[in-house]
Amino acid sequence: MMSQTLFQAFLNQLQTRRNATAIAADDGDGHGVCSLTWGQLADRVAALAFAMEQVRPERLVVRLHRNRLSDVCVSLAAMATGSVEVPIDSRRESTHVELIRQSTNGVWIDDAFVSTAFNSNTRLDSIQYLQSLDRATDYDKPELVLWTTGTTASPKGVVLSRRNLLMNAKAKLHAVPQSADDIRLTTLPLSHAYARTCDFGTWLLSGCTLVVSLGYSGWETIANQFPPTLANVVPSLAYRLLETQHSPALSKLKLLGVGGAPLRQDAFEQFRERGVTVIQGYGLTETSPVICSATPANATAGLVGFPVADCEVQRRAGRLFVRGPNVMLGYWQDDSATRDRIDPDGWLDTGDLAEVDEATGQYRIIGRADDLIVLPNGNKVHPREIESLVEELDAVEHAMLVLRNDSLQLWLDLGNKTLDEHLRTLVASSLRHLAKWKRPQSVLNFVPPLSADKAELTHKGSLRRSAVAANRFS
């Protein structure tokens, strides 16, 4: 049966694989990791969907997500009832959480609501009830509002449709196939687009087992019990995994997706030596999120593969524009911002500069167009060209190139390490092949180190330039 929505994909798995293991996750109730079959998962989803139907006429549900089993159940129940789900990353600042709650004004689905639904005496035939709720007719109906992390601007609510989510998950699955025999571990927040499509969406389509936790501590907690064959991570977690030797948690891993920032070439090769293929890609929350993805056959360090199925791309003076079924419906209650981002022909301005690798034809992301530095002599420098080279060094967690007093300065985030002459020599060596005018005149380090608590880093570990500039250089 061809799925027209991700919820229909869930129903398909339920009908064909009812007794197969669907998911394993902790619910924070002190009972440890719980493993459910598709049939058992359906029982919980049906109970939640029934409870939602009683209280939510406005069809908008909001929940603080912690990557727990109950969060996945809420997401599926929202899809079942035709609700627009607004998942909020539990690690967001409280002011952001309150802002999102007020702007969406949906029904707040807290743990008490979930517990009451699960413990209800209502008796349902789960499959029959969930099938009766499947009245999806509008393929372009809003299904999800995801809040951007605010890497380049103030956080915005991105409205994604059933079509967006289904087609992008299918496109990612086409680029990186998986089967019902795979175990997919996600330690990335399901309230963000990367995990929502590349983990959650592909899970529903493929029928594999989804293992859910959060962050490196979550990996340590659950991966030994359920060694994954597939996982998606951010670079910081990937580097920590490389420090682990002969762990049962890595014994079956064959594909490691890395997003949010490029993985260092040395780390890419180290994973390959261990028999793990690193899959890098590129995307935005506004594009559901995948625009480009490598495949197991063409994975190459520093490159993000080709545009995924049904995704059109154009480069205009190096700036990347995208059109296709993955492009968002728009920003939540912000028509002006939507028109600024998407032109009348449906082309979305990514704001990123890209180039095509001559040897492979794959795409390479250079950096944000708005971050371009124009020197007093008229020459132009792309900060990411310099920063990515320096970030290849083990000691450097983040690098930021800035123009201050007509001089290029390179600022390094070294964590607890120090900027000594040896590191200065390594930095100079990594940049020696560049034209002299591109090289920074001075190298300095952030003291104290950059902090997510001060909004200088996103929870994925990406650098927020505007916040760093305001905090450190104003």
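Biologist: Is Ala231 buried or exposed?

Modeller: The model is predicted: local features need pLDDT of at least 70, side-chain atom pairs count only at pLDDT 80 or more, and totals for chains, interfaces and linings use all residues. Residues are numbered from 1 along each chain as its sequence is written, and side-chain values use heavy atoms, leaving out hydrogens and water. Buried means under 20% relative accessible area, exposed over 50%, and partly exposed in between (1.4 Å probe, protein chains only). With a relative accessible area of 2%, Ala231 is therefore buried.

Biologist: Which residues does Ala231 contact, leaving aside its neighbours within four places in sequence?

Modeller: Ala231 is in strand 10. Strands (DSSP E, at least two residues) and helices (H or I, at least four) are runs numbered from the N terminus. Contact means heavy atoms within 4.5 Å. Beyond four places in sequence, the partners of Ala231 are Arg184, Leu185, Trp219, Leu253, Leu255, Leu256 and Gly257.

Biologist: How far apart in space are Ala231 and Lys141?

Modeller: In sequence, 90 residues separate Ala231 and Lys141. From C-alpha to C-alpha, their distance in space is 30 Å.

Biologist: What is the volume of the largest cavity?

Modeller: A cavity is a set of points on a 1 Å grid, over the protein atoms alone, where a 1.4 Å probe fits but cannot get out; its lining residues have an atom within 4 Å of a point. Points are joined across faces, edges and corners, and the volume is the space filled by probe spheres set on them. The whole structure holds six cavities of 30 Å³ or more. The largest has a volume of about 90 Å³.

Biologist: Which elements give two or more residues to the lining of the largest cavity?

Modeller: The lining has 13 residues, and those closest to the centre of the cavity are Lys172, Val176, Arg184, Asn232 and Gly257. Two or more lining residues come from each of helix 8 (193–206), strand 10 (230–233) and strand 11 (255–258).

Biologist: How many residues of helix 7 are buried?

Modeller: Helix 7 covers residues 162–175 and has 14 residues. Its buried residues include Arg162, Leu165, Leu166, Ala169, Lys172 and Leu173. Helix 7 is largely enclosed by the rest of the structure because its buried residues number 10 of the 14.

Biologist: What do the buried residues of helix 7 pack against?

Modeller: Both helices and strands take part. The packing partners are helix 1 (6–16), strand 6 (142–147), strand 7 (157–161), helix 8, strand 12 (277–283) and strand 13 (290–293).

Biologist: What is the phi of Ser288?

Modeller: Most residues other than glycine have a negative phi, and most peptide bonds are trans. Ser288 lies in the loop between strand 12 and strand 13, and the peptide bond from Ser288 to Pro289 is cis, with omega near 5°. Ser288 counts as buried because its relative accessibility is 0%. Its phi is positive, at about 75°.

Biologist: Is Ala317 buried or exposed?

Modeller: Ala317 sits in the loop between strand 15 (312–316) and strand 16 (319–323). Its phi is positive too, near 55°. With 85% relative accessibility, Ala317 therefore counts as exposed.

Biologist: What is omega for the cis peptide bond that joins Val447 and Pro448?

Modeller: Pro448 is in the loop between strand 24 (442–445) and helix 15 (465–472). For the cis bond between Val447 and Pro448, omega is about -5°.

Terms used
On a 1 Å grid over the protein atoms alone, a cavity is a set of points where a 1.4 Å probe fits but cannot get out, and a pocket is an open set with protein on both sides within 12 Å along at least five of seven lines; lining residues have an atom within 4 Å of a point. The expected span of a helix is 1.5 Å times one less than its number of residues.
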